[in-house]
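This report goes through a single protein chain, from its sheet pairing to its domains and selected residues. The sequence and model come first.

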Amino acid sequence: MYTPDQIKTLQAQSANFLQAATTITDNELDALRRVLRFHEYRYYVADNPLISDEEYDRLYKKLEAYEAARPDLITSDSPTQRVGANLTGQFETIRHLVPMLSLENSYNAADLVDWDKKVQEASKGGHLRYSVEPKFDGASISLLYEDDQLIRAVTRGDGIEGEDVTANIRQIRSVPLSAPFATYGIQQIEIRGEVMMSKVSFQKFNDKQTEAGLQVLANPRNAASGSLRLKDPAAVRHRGLDAFLYHISSVVLIEGKKPTQLLDTHSGNLALLWKCGLRSPTKESEIFDTMDAVISHVGDFEAMRDSLPYEIDGMVIKVDSIALQEALGMTSHHPRWAMAYKFKARQATSTIETVEFQVGRTGAITPVAKITPVALGGVTISSISLFNEDIIKEKELRIGDQVLVERAGDVIPNIVKALTELRKGTETPIVFPENCPVCQAPLHKPEGESVWRCINPYCEAQVVERMIHFVSKDAMDIRSFGEANVRKFYKLGFLKDIPGIYSLDLERIAQLEGFGKRSLENLVSAIEKSKTQPLYRLIFGLGIRFVGETTAKVLAKKVAALWELKDFSQEDLMELEDIGPKVAGSIYEFFQAPESIALLQRLEAEGLNFKGQKTTLQQEGTSPFEGLTFLFTGTLEHLKRNDAEAMVEAKGGKILSGVSAKLNYLVAGAAAGSKLEKAKKLNTVNIISEQEFITMVNEPRP
Ligand SMILES: NC(=O)c1ccc[n+]([C@@H]2O[C@H](COP(=O)([O-])OP(=O)(O)OC[C@H]3O[C@@H](n4cnc5c(N)ncnc54)[C@H](O)[C@@H]3O)[C@@H](O)[C@H]2O)c1
Ligand SMILES: [Zn+2]
């Protein structure tokens, strides 16, 4: 459709239009329309947009503003006069009973208030209600049911005609093949909705694409519309698609039947669809009497956008009364009775200017792309982690590449893809260093891992990062310390390692600019306070590889004092909750390394809390045998069998009737027989004597 040269020219023109703050001139009108049509093709037909939605919307608004001032120059094929065509020519086209339009977009409360005024005028003082529902970010479809049977499903196409994708739509489980419309007197009904791919299915889909070396899709919308065009309906079934149906566009009643009242309002329509077994957004929609209430609701919904299982890109506000909808009518592009309220953009385009390699506290090398600063979701983004070398290879990123950047909610920004077609030939590969960029030690990458590491424990970058981690909020939480002070003190030679935090030369610090009496006092008291932090914070703060907060808590609970961890074997560690071989290996290594022991000795000498939770827990606990199982066999010398069993139960343990893998302790008396033999074979049972049992009962915890 477009040659590589045309693509480059059109993209350069887009960039010019986007940069120019001013409105366009008469001469540029044609070029802007061509540019918009090109992006519509990339978006609707190729499913591979080259600019972000926000950029497209800005171009569109530019054209709209120009045409509003010069209505004499509007042509019927202008992108503002019809919906972007997505006819691929691969399917039979079918005419919609009623045109299938786009929506008018609004971006702020003021836009909504303006629209409300127009609607109020049209309502002539009648009671006005708005129905508000999510704007589902998928691909639109139109379904036709006749005599309760689904007879066809069509894409939006150019709004007048769409493509017949019935075979594919029949694979979507939330679209019933038959529905009891006749009970409402309906013979034929045309319904509109959105085919969606959930966030989970989308992630799975992209993972598979990556694995197969295919291009990842920019968003679930692209994935949904791409799925509708698959040639093999069976393949559609595996994509995990859903459909929300939110509009009735046409109804033919069975002869002699009266229309149900549900057909009088939009909310009634949603209820009717729901009652007939279609997934309409009844639960997701709400009715409001005033635009003020609508505005506050859309704000609330935007805040919970990320907790939904599917993507929405805004809200749609609809006039609830169908009579008023009809009075308001439509343009050739959108109905006047509905308004989309678009949420803040999540994607933008930018350029990779350089890539830096950062060294983390565990020595991991993270490539970070420095991009041309771009505003996204309320913040300006100028650097983006590329995670590791594999990701760079998978996404085929190069320095100089134009890229699509995404920032969803609290998730850290990431690069969705490079816009490879826009390459000029001057882009250069991203070369991973062979040596640590800070200490120059050769980097290592163990088999099966994707991260390169500097394994020099004295690497400056790591030393500093470890200290930053140690003082951080989730670790020792030394409030007034922070990253900036760690770096400053280190640079000045005041601070060399973690224990040094507790022996800072305060007099020298007092002479530094910005360290008044007050801030120095705060620093000192924060450092002092950290000495009594619970043990798990210290363990976490040590920055042992793979030991997060949760693991640190597990470890702190298991010991009376930190030093005990030195005696844990890898097997001992693996018996603890949620600790696998990788984590166990790392903990074991840490406690065997002489450097670690020296570090801990210095910290202990500084008076840091090394006490774990083990002893306190047991003294408080009245059920030291909780979770343990016992069985007695053979003849006991000192205790009666019944008394012994009662002792176990009194301490929270359980008596089992036979030897199995569930058994923890077999107390074997004289002449023990088959049970003892079986326990020996099992290898998992602790076999103890009566005397050992008595000792255990008298001890706080086995
Ligand atoms: N990045 C690009 O290059 C590019 C190019 C073209 C279009 N676009 C994007 O597409 C938009 C235009 O596309 P569009 O015409 O499909 O409009 P749209 O997606 O902004 O809104 C209209 C569509 O919303 C859908 N919708 C979802 N939930 C709905 C609900 N509850 N009620 C009614 N409709 C609902 C319908 O399918 C309807 O057709 C642009 O604003 C832009 O964001 C991007
Ligand atoms: Zn290094």
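What is the order of the strands in the open sheet of five strands?

## Basis of the model

This is a predicted model, in which local features need pLDDT of at least 70 and side-chain atom pairs count only at pLDDT 80 or more, while totals for chains, interfaces and linings use all residues. Residues are numbered from 1 along each chain as its sequence is written, and chains are lettered from A and ligands numbered from 1 in the order in which they are written.

## Sheet and hairpin

The order is β2-β11-β10-β3-β9, with mixed pairing. Strands here are DSSP runs of E with at least two residues, and helices are runs of H or I with at least four, numbered from the N terminus. Two strands pair if DSSP finds at least two bridges between them. β2 (105-106) and β9 (286-288) are the edge strands, each pairing on one side only. Within the sheet, β10 (residues 312-319) and β11 (residues 338-342) run antiparallel and are joined by five bridges; Val316 stands opposite Ala340 of β11.

A hairpin is formed by β13 and β14, with two residues between them. β13 (residues 365-376) and β14 (residues 379-385) are antiparallel and share six bridges, and Lys370 has Ser383 in β14 as its bridge partner. In the turn, Gly377 has a positive phi of about 55°.

## Overall dimensions

The chain contains 25 helices and 24 strands. Its radius of gyration is 34 Å, whereas a compact globule of 702 residues would have one near 27 Å; the radius is taken over C-alpha atoms, and the globule rule is 2.2 Å times the number of residues to the power 0.38. Along the principal axes, the C-alpha atoms fill a box of roughly 100 × 70 × 50 Å.

Of the 702 residues, 34% count as buried. A residue is buried if 20 or more other C-beta atoms lie within 10 Å of its own, exposed if 12 or fewer, and partly exposed in between, with C-beta atoms placed from the backbone. Among the contacts in the chain with a separation of 6 or more, 66% come from residues 24 or more positions apart; a contact requires C-beta atoms, placed from the backbone, within 7 Å.

## Domains

The division is into domain 1 (4-73), domain 2 (104-342), domain 3 (347-444), domain 4 (460-606) and domain 5 (629-698), with bounds from an automatic or database domain assignment. The C-alpha centres of domain 2 and domain 3 are 37 Å apart. Their contact takes five residues from domain 2 and six residues from domain 3.

Helix α16 (residues 517-530) has 14 residues and reaches 20 Å from first to last C-alpha, close to the 20 Å expected; the expected span is 1.5 Å times one less than the number of residues. Leu523, Ile527 and Ser530 of α16 are buried. The buried residues of α16 fall within an arc of 65° seen down its axis, so they line one face; the arc is that of the directions from the helix axis to the C-beta atoms. The face turned away carries the exposed residues Lys517, Arg518, Glu521, Ser525 and Glu528.

Leu506 lies in helix α15 (residues 506-510) and is partly exposed, with 14 other C-beta atoms within 10 Å. Leaving aside neighbours within four places in sequence, Leu506 is in contact with Leu520 and Val524.

Asp148, in the loop between β4 (139-146) and β5 (149-155), has a positive phi of about 70° although it is not a glycine. Asp578, in the loop between α19 (570-574) and α20 (581-592), has a positive phi near 60°. Asp578 counts as exposed, with 9 C-beta neighbours inside 10 Å.

How values were computed:
Two residues are in contact if their C-beta atoms, placed from the backbone, lie within 7 Å.
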